Amino acid sequence: MPLDPKIAGRLKRTRDGLVPAVVQQHDTGEVLMLAWMDDEALHRTLSTGRATYWSRSRGEYWVKGDTSGHVQWVKHAALDCDGDTILLQVDQVGAACHTGDRTCFDADPLEVTLS
């Protein structure tokens, strides 16, 4: 069964048919990662409760945690006001980043100069 047409009609995709998905820990608000979804990945995510993404580098779907054991259980999903970004609030089991870090934003903080 395909993605609900009401949802699909709201999505604004890249030329590649993708929409960025910001992934956040549901209870702390911690931003874990950014990944890409197409209609099928979003449909699989919404219908299974497991975060499923499109891998641009491998050209295939991947369910977060299938190989690493670091599963993302989806608690809430939303589109932003423009329909060009998906927010997934998840219960992250283990590391979210493929490097083994808790988040994909742990390793390289940037200095901000306040004026």
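This is a predicted model: local features need pLDDT of at least 70, side-chain atom pairs count only at pLDDT 80 or more; totals for chains, interfaces and linings use all residues.

Colleague: Where does aspartate 80 lie?
Modeller: UniProt, in an unreviewed entry, places a "binding site" feature at Asp80, Asp82 and Asp84. Strand β5 covers residues 72-79 and strand β6 covers residues 86-92. Aspartate 80 lies in the loop between β5 and β6.

Colleague: Is aspartate 84 buried, partly exposed or exposed?
Modeller: Aspartate 84 also lies in the loop between β5 and β6. Leaving out residues up to four places away in sequence, it touches Lys12, Val19 and Pro20. Buried means under 20% relative accessible area and exposed means over 50%. Aspartate 84 has 32%, so it counts as partly exposed.

Colleague: UniProt also lists Cys81, Cys97 and Cys104 for "binding site". How far apart are the farthest two C-alpha atoms of this set?
Modeller: That listing comes from an unreviewed entry. The three span 24 residues in sequence. They do not all gather at one spot, because the farthest two C-alpha atoms are apart by 27.1 Å.

Colleague: Which cysteines from this set are in the lining of the largest pocket?
Modeller: Cysteine 81 has its place in the loop between β5 and β6, whereas cysteine 97 is found in the segment after β6. The lining takes in Cys97 and Cys104.

Colleague: Is cysteine 97 buried or exposed?
Modeller: Not counting residues up to four places away in sequence, cysteine 97 touches Lys64, Arg102, Thr103 and Cys104. Cysteine 81 has a relative accessible area of 78% and is therefore exposed. Cysteine 97 has 8% relative accessibility, so it counts as buried.

Colleague: Which strand supplies the largest share of the lining of the largest pocket?
Modeller: About 440 Å³ of space lies in this pocket. Of its 24 lining residues, Met33, Arg58, Trp62, Lys64 and His98 are the closest to the centre. At least two lining residues come from each of β2 (31-37), β3 (52-55) and β4 (60-63). The largest share, four residues, is from β2.

Definitions and conventions
Residues are numbered from 1 along each chain as its sequence is written. Side-chain values use heavy atoms; hydrogens and water are left out. Two strands pair if DSSP finds at least two bridges between them. On a 1 Å grid over the protein atoms alone, a cavity is a set of points where a 1.4 Å probe fits but cannot get out, and a pocket is an open set with protein on both sides within 12 Å along at least five of seven lines; lining residues have an atom within 4 Å of a point. Grid points are joined across faces, edges and corners, and a volume is the space filled by probe spheres set on the points. UniProt positions are given in the numbering used here, feature names are shortened, and annotations may be inferred rather than shown by experiment. Buried means under 20% relative accessible area, exposed over 50%, partly exposed in between (1.4 Å probe, protein chains only). Contact means heavy atoms within 4.5 Å.
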